[in-house]
Structure formats: structure tokens, C-alpha cells
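Here are my notes for you to read beside the model. Take the points one at a time and find each residue on the screen as you go.

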Amino acid sequence: MLSERLSLALETGVLTLPPAGRSAVIGARAGTDLSALPKHRVEVVARQFPTHKAFHDEGYAVRTEIAG
């Protein structure tokens with residue numbers, strides 16, 4: 001469900017990504033589909049190990065705290 005809302009927001013221009021740089025995804029749960037976002041520009045902020053590991057295993061950059 002989140003994936004569909006995220007895709008719709010990007011397609012309609014309600015949500016726009018900066019042309020360069022990284023974007024933080026905060027509070028996502030393991031299993032959340034973030035495929036609408038460019039993986040190489042996303043950092044997932046996740047403190048809980050299962051969530052952190054799940055996104056790391058999917059190839060996302062993961063942090064335990066917001067940086068920058």
C-alpha cells in the first residue's frame with residue numbers, strides 16, 4: 001500500500017526528489033517496498049536490528065541515526 005501511494009505521489013508531482021544528493025527514509029518497516037525511489041540515492045534510518053538488516057540485505061544504505 002505504501003508503495004502505491006509513494007509511486008502515485010511521485011507520478012503526480014505531489015512529492016518530488018531533489019535532482020542530486022541522498023534522501024532519508026525514516027520509520028520504514030521491514031518489508032516496505034521502496035522500489036519507487038532510486039536505491040542508490042536512499043538512506044534508510046532504522047534502529048531496530050531486524051529492520052536494519054532487512055533493508056541492508058536489499059542493498060540499501062542503512063543508518064541507525066539521522067546524519068547531516
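1. Start with E43 and its surroundings. Apart from neighbours within four places in sequence, E43 is in contact with R22, S23, A24, V25, A61 and R63, where contact means heavy atoms within 4.5 Å. Keep in mind that this is a predicted model, in which local features need pLDDT of at least 70 and side-chain atom pairs count only at pLDDT 80 or more, while totals for chains, interfaces and linings use all residues. Residues are numbered from 1 along each chain as its sequence is written, and side-chain values use heavy atoms, with hydrogens and water left out.

2. Is E43 buried or exposed? E43 is buried, with a relative accessible area of 18%; buried means under 20% relative accessible area, exposed over 50%, and partly exposed in between, using a 1.4 Å probe and protein chains only.

3. Now look at the sheet. E43 belongs to strand 2, residues 42-45 (helices, H or I with at least four residues, and strands, E with at least two, are DSSP runs numbered from the N terminus). The open sheet has 3 strands in the order 1-2-3, with parallel pairing; two strands pair if DSSP finds at least two bridges between them. Strand 1 (23-26) and strand 3 (61-63) are at the edges with a single partner strand each, so one side of each has no neighbour in the sheet. Strands 2 and 3 pair in the parallel sense over 3 bridges, and E43 stands opposite A61 in strand 3.

4. Next, V25. Not counting residues up to four places away in sequence, V25 touches L34, L37, V42, E43, V44 and V45. V25 is also one of the 11 residues of the largest nonpolar core, which includes L34, L37, F55 and Y60. Such a core is a set of buried Ala, Val, Leu, Ile, Met, Phe, Trp, Tyr and Cys residues joined through side-chain atoms within 4.5 Å.

5. How many aromatic pairs does a search of the whole structure find? It finds 1. Rings of Phe, Tyr and Trp (its six-membered ring) pair if their centres lie within 6.5 Å; planes under 30 degrees apart count as stacked, over 60 as edge-to-face and the rest as tilted. The ring centres of F55 and Y60 are 5.8 Å apart and their planes are at 80 degrees, so this pair is edge-to-face. Both F55 and Y60 are buried.

6. For contrast, find P50 in helix 2, residues 49-57. P50 is exposed, with a relative accessible area of 57%.
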